[in-house]
Amino acid sequence: MKEKVETKKRLIQFDLLRILAIFFMMLLHIAGSNWDWTAVDSFEWNTFNVYDSIAGCCVPIFVMISGMFFLNDDRIEPIGYIYKKRILRLVTAYLFWSTLYSLYVNLILQNDSGVEIKKQIAIDIVNGRYHLWFVPMMIGLYMVVPFLKKICSDKKTEEYYIILVIVFTFGLNVLKLIPQSDIFVYGILGNFNLYMVLGYTGYFVIGHYISSYSVKRKTEILFYVLGTISAVLTIIATVVISKKNGYPTQTFYGYLMPNVLGMAVAVYVFFAKRVSKWKFSEQMKRVIVKISQISFGMYLIHDFFIILFSRYLNITTMSFNAIISVPFITIGVFVLSMFAAYLLSKIPYVNKYII
């Protein structure tokens, strides 16, 4: 019997965007695997830089999609439900996968950090594998959903909040790049202490705003132009600053940099306003929805397959032409993660708390 997947009430464009974001996230991690260890004037490093620059909007896109759903007026979830259902799932998933990665890295891969093994395992469980930082960040966002919903209930208030975010989050991050700007960033402006508009809440609210209100065609085109400029700027600026420093520098990869914001908003607007008008067959919708539903599990498990390619199959981004090796490994990791997450999703309780 075929599994029944409900598609009538789904916003397929956002399911498709979530799949693209998970692919970009894997692409980012794979392209970045040798990014730090390759000469900045090499062909390989420049190739990695292009892939990383383009894929760097993945995390903001995930956050915007979540904001679109959780800040929607039609979604009424009491605070208790958010903790028992949403946050509990994230906590259990984090602890489970963090423990699994810690045991695997320290006992099987025999990572030698110079720290006593039991202590290192405990440290790694608490800190989590490098990609798991996203989970505590989302927990924090879920905790402030009730407040953000109040802000998003009024269009003018929401717009005002977004303006503050752009100025005090993205704007200050640019100002920090200017020499001798410390007196402004950490002095006068820093004394405002507007912590409520810092971090990823901006993406959360922006995702809701774009999906809730119409965008004029000229404004939409402007977003695409700015997104393209942002992508090119990210590539070029990273090359310039890395060559200046003499080593790979990730400054312009920062998720809270305006160039990354520009790319993320352009992609999000395209899916929200253009892809939403595309027609898909019912069979294609079922496939898209199913992959979207297991995307969180794919995110959690994918690093095991990155390790599989590099350590056991001896296939890395340096094995052959980087232009081909990066997408080749990414597609392999994506497919394996998809099948693994699908199998795990069939196990009772695991599908509710672990993936």
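**Core, cysteines and a pocket in a predicted model**

The model described here is predicted. In this model, L198 is placed in the loop that connects α9 (182–188) with α10 (201–212). When residues up to four places away in sequence are not counted, the contacts of L198 are F168 and T169. The C-alpha atom of L198 is separated by 36 Å from that of A322, a residue 124 positions away along the chain.

The largest nonpolar core comprises 106 residues, and V63, W97, Y203 and F204 have the most contacts inside it. The greatest contribution to this core comes from helix α1 (residues 12–31), which supplies 13 residues. In soluble globular proteins, nonpolar side chains tend to be buried together. The surroundings of V63 were examined with residues up to four places away in sequence not counted; on that basis V63 touches F134, M137, M138, L141, Y200, Y203 and F204. Two of these partners, Y203 and F204, are themselves listed with V63 among the residues with the most contacts inside the core.

Zero disulfides were found in a search of the whole structure. For C58, the closest cysteine sulfur is that of C57, at 6.7 Å, which is too far for a bond, because a disulfide requires a pair of cysteine sulfur atoms within 2.5 Å. C58 has a relative accessible area of 0% and is therefore buried. C152, at 1% relative accessibility, likewise counts as buried, since the limit for this class is under 20%.

The second largest pocket has a volume of about 560 Å³. Its lining draws two or more residues from each of α8 (155–175), α10, α11 (217–245) and α12 (258–274). Among these elements, α11 gives the most to the lining of the second largest pocket, with six residues. In total, 25 residues line the second largest pocket, and those nearest its centre are I166, I206, F223, L261 and V265. By residue class, the lining of the second largest pocket consists of 19 nonpolar residues, five polar residues and one charged residue. Rolling a probe the size of a water molecule over the atoms shows where empty space is left.

How values were computed: Residues are numbered from 1 along each chain as its sequence is written. This is a predicted model: local features need pLDDT of at least 70, side-chain atom pairs count only at pLDDT 80 or more; totals for chains, interfaces and linings use all residues. Side-chain values use heavy atoms; hydrogens and water are left out. Helices (H or I, at least four residues) and strands (E, at least two) are DSSP runs, numbered from the N terminus. Contact means heavy atoms within 4.5 Å. A nonpolar core is a set of buried Ala, Val, Leu, Ile, Met, Phe, Trp, Tyr and Cys residues joined through side-chain atoms within 4.5 Å. Buried means under 20% relative accessible area, exposed over 50%, partly exposed in between (1.4 Å probe, protein chains only). On a 1 Å grid over the protein atoms alone, a cavity is a set of points where a 1.4 Å probe fits but cannot get out, and a pocket is an open set with protein on both sides within 12 Å along at least five of seven lines; lining residues have an atom within 4 Å of a point. Grid points are joined across faces, edges and corners, and a volume is the space filled by probe spheres set on the points. Ala, Val, Leu, Ile, Met, Phe, Trp, Tyr, Cys and Pro count as nonpolar, Asp, Glu, Lys and Arg as charged, and the others, Gly among them, as polar.
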